[in-house]
Amino acid sequence: MKVRTEYTCPLELVHDMIKGKWKSIILWRLRLGATSLAKLERDIDGITQKMLLEQLKELMDYGFVEKKTFEGYPLHVEYSLTNDMGLEILEALKIMQHIGIDFLKANGMEQVLIEKGIISE
């Protein structure tokens, strides 16, 4: 995790924290609640376990995600949004989701939203 020391503005810092193909998708999935690594991997099309673990580690280092380990065998681990930064970034992602939906609708791609179960017919 590289954190620059100089920024034009705080938004640039947050952009660095969540940039990349997978971080916002992982955070969006975690809005549904705590889940295991295997379930996250199944729910996010195209992500490898290696990439998922790397992205989760960075999100944990930044304070967006927390990991809870349960006693016993087999070992059980769950990932969830933190109560502060995790839930706060979720508000920004909700706005981004709505912008994406509006864009697809405005450009005649409503069928994609229907097929994904995001909106109904």
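At what angle do the axes of helix α1 and α2 cross, and within what distance do they come? The axes of helix α1 (residues 10-18) and α2 come within 8 Å and cross at roughly 80°. The model is predicted, with local features requiring pLDDT of at least 70 and side-chain atom pairs counted only at pLDDT 80 or more, while totals for chains, interfaces and linings use all residues. Residues are numbered from 1 along each chain as its sequence is written, and side-chain values use heavy atoms, with hydrogens and water left out.

**Overall architecture**
- The protein chain has six helices and two strands, where helices (H or I, at least four residues) and strands (E, at least two) are DSSP runs numbered from the N terminus.
- Along the sequence, the pattern of the protein chain is α-α-α-α-β-β-α-α.
- A box of roughly 50 × 40 × 25 Å, taken along the principal axes, is filled by the C-alpha atoms of the protein chain.

- Axes are lines fitted to C-alpha atoms, for helices over the stretch in contact, and angles run from 0 to 180 degrees between N-to-C directions.
- Asp-16, Met-17 and Ile-18 of α1 meet Lys-23, Ser-24 and Leu-27 of α2, contact meaning heavy atoms within 4.5 Å.
- This contact has three nonpolar, one polar and two charged residues; Ala, Val, Leu, Ile, Met, Phe, Trp, Tyr, Cys and Pro count as nonpolar, Asp, Glu, Lys and Arg as charged, and the others, Gly among them, as polar.

**Packing of α2 with α4**
- α2 packs with helix α4 (residues 49-62) at an angle of about 75°, with their axes 10 Å apart, and α2 and α4 are therefore roughly perpendicular to each other.
- Lys-23, Ile-26 and Leu-27 of α2 make the contact with Leu-52, Gln-55, Leu-56, Glu-58 and Leu-59 of α4.
- The residues of this contact divide into five nonpolar, one polar and two charged.

**Packing of α2 with α5**
- The axes of α2 (residues 23-30) and α5 come within 10 Å and cross at roughly 105°, which makes α2 roughly perpendicular to α5.
- Ser-24, Leu-27 and Trp-28 of α2 contact Ile-89, Leu-90, Leu-93, Lys-94 and Gln-97 of α5.
- Five nonpolar, two polar and one charged residue form this contact.

**Loop with a cis peptide bond**
- The peptide bond from Tyr-73 to Pro-74 is cis, with omega near 0°.
- Pro-74 lies in the loop between β1 (65-70) and β2 (76-81).

Technical notes:
Angles under 35 degrees count as roughly parallel, over 145 as roughly antiparallel, 65 to 115 as roughly perpendicular and the rest as oblique.
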